[in-house]
Amino acid sequence: MSDRYAVIGNPIEQSKSPLIHTAFAQVMGQVIHYTKLLAPLDGFAAAVDAFRASGGRGMNVTAPFKLDAFAYATDLAPSAQMAGAVNAMKFEGDKVYAENFDGVGLVRDVVHNLQCPLKGRRVLILGAGGATRGALLPLLAEHPAELVIVNRTVAKAQELAALAQQHQSGQVPVVGLGYEAVQGVFDVVLNASSSSLSAELPPLPASVFRPGCLAYDLTYGKGLTPFLKLAQQAGVTHLADGVGMLAEQAAEAFAWWRGVRPDTAAVIQKLTVPLV
């Protein structure tokens, strides 16, 4: 019997996780069985209980269950505590270990795959939801010159900025602002808001993009989103979506479960949708 893993969500049909983890297993010589699990909106715990009872070893967690997984876990890693959400679980007896690899996946994609160092750079991140919250510590660990969080509701951006200042190990300035208060130009602009899911343009002035900067949309598979189009029109040539982040967070989970970390290049190439 091969070890069983799954991704749980609702909806779940769109998930690329089975494709990614099956590819990783083949390359790394690991024998696993990875499936999609559609859980009722009010049935997360029961679905996970049944999966564990059937011998399941671990799970990826996608929308809308990342908060449910946070409550379900018995042992939360610092990454999950900081994010307030869980995207990977590991089952060992009565223990449910929980992680959030989204932030580290984002940073690894930016720094290693896209070869865009963050050290000493001005970084702007759009949105003050769970994606931004989970990315704060991995971003700050790269020692940017400054991290600015911008959000429609200014208080939420300020709350995350205060949280980051409190928990970071360094002395990186972190500021929370409304869109209308953003000043200057940035070396890296990350769209962690939900705007691209509904094909909306964030209320961001085109002047924030430094020539030669990286414009990165955490949404993937949507082509040239309104955010990326704005950056392109501002003269930015280094554009990326979140497909690399997807692959890198999956590789982190795979390594956590199996003890070996796969290379992501082939999976990223397979899943990449042209930004047109």
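At what angle do helix 5 and helix 6 pack, and how far apart are their axes? I find an angle of about 50°, with the axes 7 Å apart. Axes here are lines fitted to C-alpha atoms, for helices over the stretch in contact, and angles run from 0 to 180 degrees between N-to-C directions. Helices (H or I, at least four residues) and strands (E, at least two) are DSSP runs, numbered from the N terminus.

Before going on, I note that this is a predicted model: local features need pLDDT of at least 70, side-chain atom pairs count only at pLDDT 80 or more, and totals for chains, interfaces and linings use all residues. Residues are numbered from 1 along each chain as its sequence is written, and side-chain values use heavy atoms, with hydrogens and water left out.

**Helix 5 against helix 6.** The two are therefore oblique to each other (under 35 degrees is roughly parallel, over 145 roughly antiparallel, 65 to 115 roughly perpendicular, the rest oblique). Helix 5 contributes Gly103, Val104, Leu106 and Val107 to the contact, and helix 6 contributes Gly134, Ala135, Pro138 and Leu139. Contact means heavy atoms within 4.5 Å. I count six nonpolar, two polar and no charged residues there. For the classes, Ala, Val, Leu, Ile, Met, Phe, Trp, Tyr, Cys and Pro are nonpolar, Asp, Glu, Lys and Arg charged, and the others, Gly among them, polar.

**Helix 5 against helix 9.** Helix 5 (residues 102–113) packs on helix 9 at about 120°, axes 7 Å apart. That makes helix 5 oblique to helix 9. On the helix 5 side I list Asp102, Val104, Gly105, Leu106, Arg108, Asp109 and Asn113; they meet Gly244, Met245, Glu248, Gln249 and Glu252 of helix 9. This contact divides into three nonpolar, four polar and five charged residues.

**Largest pocket.** I read a volume of about 1400 Å³. The lining has 43 residues, with Thr62, Ala63, Lys66, Ala131 and Leu197 nearest the centre. A pocket, on a 1 Å grid over the protein atoms alone, is an open set of points where a 1.4 Å probe fits, with protein on both sides within 12 Å along at least five of seven lines; lining residues have an atom within 4 Å of a point. Helix 9 gives the most to the lining, three residues. By class, I get 18 nonpolar, 19 polar and six charged.

**Backbone.** Ala63 and Pro64 are joined by a cis peptide bond, omega about 5°. I place Pro64 in the loop between strand 3 and helix 3. His143 shows a positive phi of about 60°, although it is not a glycine.

Definitions and conventions
Points joined across faces, edges and corners; volume = space filled by probe spheres on them.
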